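I opened my notebook beside the model and wrote down what I looked up, one topic at a time.

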Amino acid sequence: MTTVLKLGGSVITDKDRAETVDGESLERAAAAIADAVSDSTETDGGLVVVHGGGSFGHPAADAHGVTTTAGTDDAGAVTEIHAAMTALNGFVRRALLERGVEALPVYPLSLAARNQGGDLALPTESVETMLEEGFVPVVQGDMVTHAGRGATVVSGDELVAELARGLDADRVGLCSTVPGVLDDERVVDRIDSLADVESVLGGSESTDVTGGMRGKVETLLGLETPASIFGLEGLEGFLAGEDVGTTVG
């Protein structure tokens, strides 16, 4: 059973303080992942971890005016944003490695690209081989070259969707700062279409160049595999195969 899990940038960083890791939350997430990998009952087909930008990638991208659609041909800007994300990837992998998880980095800047229509192409052969060899790929939100626009942001949510399709994933989960999609304070159990929850979807309170909760739901609705959106308190349950948070699709 192959699982694709995203750790939201807002979960593992302090999104209101530039390039600051939320150590307690990252440690908790890493511990849950390590337990699941060591058990391997629910992840015997491999686990792919994707992480968002949080206070690392988003402020850097915002400073250069780039988003998933607005690009730049400034190599220095691309390198700066990529370096910020690579630094966060290092923190995530270190937390996993310290718990015995054989984590390896995956940098979409070197793998993926967008065509002129903005469609993302992400070859998955290297990730598949990592999984076959017992590694846990850690994929970062990143910059990617974009035909006609230089380079644009690729969000963790987009990467989750592409990896889920390319790997034919059995389970997909997004770990967020909220226990699911909320209608006031109530967790919405299931979303089958955007119209179901359009009135309650909002953006991010912090700098976010990738679309916030609405973007997550729209992306996940395009998958054949139902996905879950849940909070950090639901991570262990998700990795154990339980239904947690909001199911999308």
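Why does R99 count as partly exposed? I found R99 at 32% relative accessibility, so it counts as partly exposed (buried is under 20% relative accessible area, exposed over 50%, partly exposed in between, with a 1.4 Å probe and protein chains only).

Before going on, I noted that this is a predicted model, in which local features need pLDDT of at least 70 and side-chain atom pairs count only at pLDDT 80 or more, while totals for chains, interfaces and linings use all residues. Residues are numbered from 1 along each chain as its sequence is written, and side-chain values use heavy atoms, with hydrogens and water left out.

**Entry: salt bridges**

I looked up the salt bridges (a side-chain nitrogen of Lys or Arg within 4 Å of a carboxyl oxygen of Asp or Glu) and found eight in the structure. R99 pairs with E27, with 2.4 Å between the closest N and O atoms. R99 sits in the loop between helix 4 and strand 3, whereas E27 is in helix 2 (residues 23-39), 72 residues apart. Helices (H or I, at least four residues) and strands (E, at least two) are DSSP runs, numbered from the N terminus. E27 is also at 32% relative accessibility, so it counts as partly exposed.

Next I checked E158, which forms a salt bridge with R114; their closest N and O atoms are 2.9 Å apart. E158 belongs to helix 6 and R114 to strand 4 (residues 113-114), so the pair ties together parts 44 residues apart in sequence. Both E158 and R114 are buried.

My last pair was D192 with R190, at 3.0 Å between the closest N and O atoms. D192 counts as exposed because its relative accessibility is 52%, and R190 counts as partly exposed because its value is 42%. I also noted one network, in which salt bridges that share partners join K6, D157 and K216.

**Entry: helix 2**

Back to the helix that holds E27. Helix 2 has 17 residues and reaches 24 Å from its first C-alpha to its last, close to the 24 Å expected at 1.5 Å a residue (the expected span is 1.5 Å times one less than the number of residues). Its buried residues include L26, A30 and I33. The buried residues of helix 2 pack against strand 1 (3-7), helix 1 (9-12), strand 2, helix 4 and helix 9 (235-239), where contact means heavy atoms within 4.5 Å. S40 follows helix 2 and has a positive phi, near 65°.

I traced an open sheet of eight strands in the order 3-6-2-1-9-13-14-12, with mixed pairing; two strands pair if DSSP finds at least two bridges between them. Strand 3 (103-106) and strand 12 (190-191) are the edges, each pairing on one side only. Strand 9 and strand 13 run parallel and are joined by five bridges. Among the bridge partners, G173 has S228 in strand 13.

**Entry: the core**

Which residues touch the most other members of the largest nonpolar core? They are V48, L163 and V172, in a core of 35 residues (buried Ala, Val, Leu, Ile, Met, Phe, Trp, Tyr and Cys residues joined through side-chain atoms within 4.5 Å). Several elements give two or more residues to this core, including strand 2 (47-51), helix 6 (156-167) and strand 9 (171-176). Helix 6 gives the most, with six residues. I also found a second, separate core of 30 residues, which includes C175, L232, F238 and L239.
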